[in-house]
Each structure stands twice: as C-alpha cells, then as structure tokens.
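Thanks for making the time, everyone.

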Amino acid sequence: MKETVVSGIRPTGKLHLGNYFGAVTNFVKMQYDYNCFFFIADLHSLTTHPTPQDLHGYVRHVLVEYLACGIDPEQSTIYIQSDVPEVAELYLYLNMNAYMGELERSTSFKDKIRSQPDNVNAGLLTYPTLMAADILIHKATKVPVGKDQEQHLEMTRTFGNRFNRMYQSDLFPEPHAFNYSDNLVKVPGLDGKGKMSKSEGDGNCIYLSDSPEVIRKKVSRAVTDGGPTEENQAKPEAIQNLFDLMKIVSPTDTLNHFDQLYNQCAIRYGDFKKQLAEDMIVFNSPIREKIEEIAKDTDYLRKVATEGAMKAKENAQKTIREARELIGFKTF
Ligand code: ADP
Ligand code: TRP
C-alpha cells in the first residue's frame, strides 16, 4: 500500500517562484510514488474575507497553475476544499478537543494578531484545526510543506492522537512534513529582505504567469547596494538574495561567473540583473505558456475539479463514517 500524501495552498493570488520551489515541485515529484491529494484551500482563505469574485478567480488561478506545473489528475487527486464538506465536519469534531491555550500559542495566530489586529476572527484561531482536518480526513502520513508549517503539523499530530486516545482507536496515523531535499527551500524575494511572499507585495514576487516584460521590470527594480568595495567580502542580504535566485534559475557557470566578478569587485549590477531576468524568463516561459493554454479550457478545468471532488469525497466519507461511529453517532 502506498503512503498517503496531502497538501494544499490557500488561493490568495497567483503562484510565485517561492510557492513553486517550496511546495509545487515536491507535489509533482511525489505523485508518482504516493497516493496524493492536492487541494486548493479555499475555506482557509475565508479568514481574510475575499470578495466572491476574487475568491473564485484565485481558486481558478491555483487550479490552472497546479496543472501547468505538472500535477497530473491521472496520478493524483486534485480538488477544491469546499467541494468536500466532510472536511468541515471533521474540523468541528477536532475543535471540541482543541484548547484555547494551545491555539493561542500558535505562531501563525500570534503573527496575525500583530499584522491584522482589526480582524482577529475565530477562523484564524482555529486555522490549525482546519488544517489538521485536511490532513487527517485522508489519513495522510506525509505532508509536503515549507518550514513555516511545521508547528501546524505538530498540532495536527496532537489533535489526531488526542482523538485516538479519547475514543480508544487508531483512526488517525501521525503525519510528518516532507521535502525531497535535506534543507527546506526558502526562495528569497526581490525587496532585499526575507522570503518571496505575496504579503510583501507584487514587486517582491516573480509569478509563474509573469510575462518577460514584467519579469525584466521587476528584476531591474530589485534592491541592491553601492557594490563591493573589498575583494571577497561577504554579501549583504539583498545581494545574497539575488545570488540565491540565480542559483535556482541559472546554469552553475553563470552563477560562478558573477560570483567571481563580485569577489573581484568588478560586478556590474545592471548586467547581473539582466542575466538573472533572462534566465528567469527561460525558466518561466514553458510554464507560462501552459498556464495560458489551460486557462482557456474551462471544460477541462470543470472535469478535473469534478472528478477530483468525487475521489476526495469518497475517501473523506469513509473516515467520517468511522469517526461518527467512534464518537457515538449511531444509526438506529
Ligand atoms: P505566501 O507567503 O506568498 O502567502 P503561502 O503562505 O500561501 O505563500 O505558501 C504556500 C506554500 O508555498 C507553502 O507550502 C509555503 O511553505 C510555500 N512557500 C511560500 N513562499 C515560499 C518561499 N519564499 N520559499 C519557499 N517556500 C515558500
Ligand atoms: N497552511 C498552509 C499554508 O499556509 C495551507 C494548508 C492548509 C495546508 N491546509 C493544509 C498545507 C493541509 C498542507 C496540508 O501554506
């Protein structure tokens, strides 16, 4: 029996290179070795109160982009979270044994209190129980996510084990974070600090659907400095970030060439950025072309979403039936 894998991305916009290298490439590789469920976490995105049009548009983007990146609906189950209401039912059961103290201690919740003090809703507090429901509903053991999600997985294990103990069952196995490389990938952004993230603005992100002109413009505006003044000096964060991006998209020779120029204080950032932009375009182009092609095919998207929902529901219903029986909801 193949192990089960679950992962999802919140539809809050288009996917960027960070989402691609941090999450989606793992999805694509895993689909051949595991029983995979990849979903679009639209229920999770309700915490930010999107308009109906935005919500639908973002869900569509992620679906198209999953397919364009190579997630194959013949290999894995691709579905939209809200098409499987069994997830919301399990969320309710898990919430009965999720305690205020532990939910309040979650770093993602604490971050939200800081970043959006005017919208600290119960959905944000219970985000980890919904995420646990996503994973436990399919009895997944492997979850491909970035480092930022490790605490949520720890909480998922706590909630699953607590349910098992309470009902003296072994319904839920323990899920663990999974990544093919030893180091969890962090793709830097263009603004000179930290990771590529939608919340840092569009200028910080290269989206998979960005055209060559947009990529050239964004990279040309990336933050740099006055240039190295001493040979072999350490690179400040903004410069290191651009080198890290080059490492991801460019051939090793190109990276070494600019590294050498930097070390000799002979680098010209204009040339460096031009090369980085061109290599990003080469990398992005095939994906962007697929995005444009798939986005036109609404019948295909509908077919993928409908079939994915059916497969995900069938599996989710089995788990819910078992959970209901254990809880004591019995039929007369
Ligand atoms: P964003 O920060 O743009 O809102 P999300 O939080 O929606 O991105 O991330 C979705 C998935 O992509 C997660 O699995 C996350 O770990 C991964 N991810 C996002 N940004 C990066 C990045 N810069 N580097 C590596 N992985 C990332
Ligand atoms: N919390 C994840 C993120 O912000 C998205 C997510 C929701 C998820 N449910 C999940 C990821 C279940 C993996 C498994 O990126």
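Let me begin with the surface: the chain exposes about 16600 Å², and carbon and sulfur atoms supply 51% of that area. Please keep in mind throughout that this is a predicted model, and that every value I quote is computed from it.

As for the fold, the chain contains 14 helices and five strands. Its radius of gyration is 22 Å, which is close to the 20 Å that the globule rule gives for 332 residues, so the chain is as compact as a globular protein of that length. The C-alpha trace spans about 80 × 45 × 40 Å along its principal axes. Of the 332 residues, 48% count as buried, and among the contacts with a separation of 6 or more, 79% are between residues 24 or more positions apart.

Now to the ligands, and I will take ligand 1 to start. It is surrounded by 17 residues, of which the closest are His 16, Val 187, Met 196, Ser 197 and Lys 198. By class, that shell has six nonpolar, six polar and five charged residues, and helix H1, residues 17–30, gives the most to it, with four residues. Looking at oxygen atoms of ligand 1, a polar side-chain atom of Ser 197 lies 2.8 Å from one, while Lys 198 places a backbone N or O atom 2.8 Å from one, and Gly 146 places a backbone N or O atom 3.1 Å from one. Taken alone, ligand 1 exposes 540 Å², and the protein buries 91% of that.

In the polar contacts of ligand 2, a polar side-chain atom of Asp 134 lies 2.7 Å from a nitrogen atom of the ligand, and a side-chain N or O atom of Gln 149 is 2.9 Å from a nitrogen atom of the ligand. The side chain of Arg 10, by contrast, has an N or O atom 3.3 Å from an oxygen atom of ligand 2. On its own, ligand 2 has 370 Å² of accessible area, and the protein covers 92% of it.

Technical notes: Residues are numbered from 1 along each chain as its sequence is written. Chains are lettered from A and ligands numbered from 1 in the order in which they are written. This is a predicted model: local features need pLDDT of at least 70, side-chain atom pairs count only at pLDDT 80 or more; totals for chains, interfaces and linings use all residues. Side-chain values use heavy atoms; hydrogens and water are left out. A polar contact is a pair of N or O atoms within 3.5 Å; within protein, one must be able to donate a hydrogen and the other to accept it, and residues adjacent in sequence count only if both atoms are side-chain atoms. Accessible areas come from the Shrake-Rupley method with a 1.4 Å probe; for residues, only the protein chains shown count as cover. Helices (H or I, at least four residues) and strands (E, at least two) are DSSP runs, numbered from the N terminus. The radius of gyration is taken over C-alpha atoms; the globule rule is 2.2 Å times the number of residues to the power 0.38. Buried means under 20% relative accessible area, exposed over 50%, partly exposed in between (1.4 Å probe, protein chains only). Contact means heavy atoms within 4.5 Å. A residue is near a molecule or strand if one of its heavy atoms lies within 4 Å of it. Ala, Val, Leu, Ile, Met, Phe, Trp, Tyr, Cys and Pro count as nonpolar, Asp, Glu, Lys and Arg as charged, and the others, Gly among them, as polar.
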